Amino acid sequence: QVQLVESGGGSVQSGGSLRLSCAASLGPGDTFRNRCMGWFRQVPGKEREAVANVYTGGGTTYYADSVKDRFTISQDNAKNTVYLQMNNLLPEDAAMYYCAASSRKLIVGTCHGMTGYAYWGQGTQVTVSS
């Protein structure tokens with residue numbers, strides 16, 4: 001069983017920055033390695049959008065076009081934590097941000113297109129004012 005807790009959301013002005021964290025609590029003997037860890041966001045009335053993901057087995061990353069060159073996903077396997085550094089935030093980035101984790105698996109390349117995230121956090125709200 002994996003429990004995820006997001007933090008770091010808040011309210012910023014357009015052009016500002018935030019750093020989201022997703023800390024994973026694992027069961028006995030479990031490992032953070034070899035999982036897809038993803039950040040998603042959702043605005044009420046719209047579909048959930050994949051923002052970025054990282055494969056903790058090899059560090060490969062994927063970004064949605066809308067956040068490329070502005071957001072950076074990173075991992076700290078020693079802390080079982082994934083981060084999302086968000087720079088140059090725009091009003092359209094405002095959403096509830098969720099962290100998700102897959103079960104352990106072997107991935108060649110990135111986690112892009114991988115479905116079946118088994119574990120989800122409660123979300124952290126990001127508000128961007130213009």
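Reader: What is the torsion about the S-S bond of C36 and C111, and is the disulfide left-handed or right-handed?

Author: A disulfide is a covalent bond between the sulfur atoms of two cysteines. Here the cut-off is a pair of cysteine sulfur atoms within 2.5 Å. For C36 and C111 the torsion is about -90 degrees, so the disulfide is left-handed. Their sulfur atoms lie 2.1 Å apart. A caution on the source: this is a predicted model, where local features need pLDDT of at least 70, side-chain atom pairs count only at pLDDT 80 or more, and totals for chains, interfaces and linings use all residues. Residues are numbered from 1 along each chain as its sequence is written, and side-chain values use heavy atoms, leaving out hydrogens and water.

Reader: Which parts does the pair C36 and C111 tie together?

Author: Strands are DSSP runs (E, at least two residues), numbered from the N terminus. C36 lies in strand β4 (residues 36-42) and C111 in the loop between β9 and β10 (119-120), so the bond joins parts 75 residues apart in sequence.

Reader: How many disulfides does the structure hold?

Author: Two. C22 and C99 form a disulfide, with sulfur atoms 2.0 Å apart. Its S-S torsion is about -75 degrees, so this disulfide is left-handed. The pair links distant parts of the chain: C22 sits in strand β3 (residues 18-26), C99 in strand β9 (residues 95-101), 77 residues apart.

Reader: Are C22 and C99 buried or exposed?

Author: Buried means under 20% relative accessible area, exposed over 50%, partly exposed in between, with a 1.4 Å probe and protein chains only. Both C22 and C99 are buried. Both C36 and C111 are buried.

Reader: What is the pairing, numbering the bonded cysteines in sequence order?

Author: The pairing is 1-3, 2-4.

Key
Helix = DSSP H or I, 4+ residues; strand = E, 2+ residues; numbered from the N terminus.
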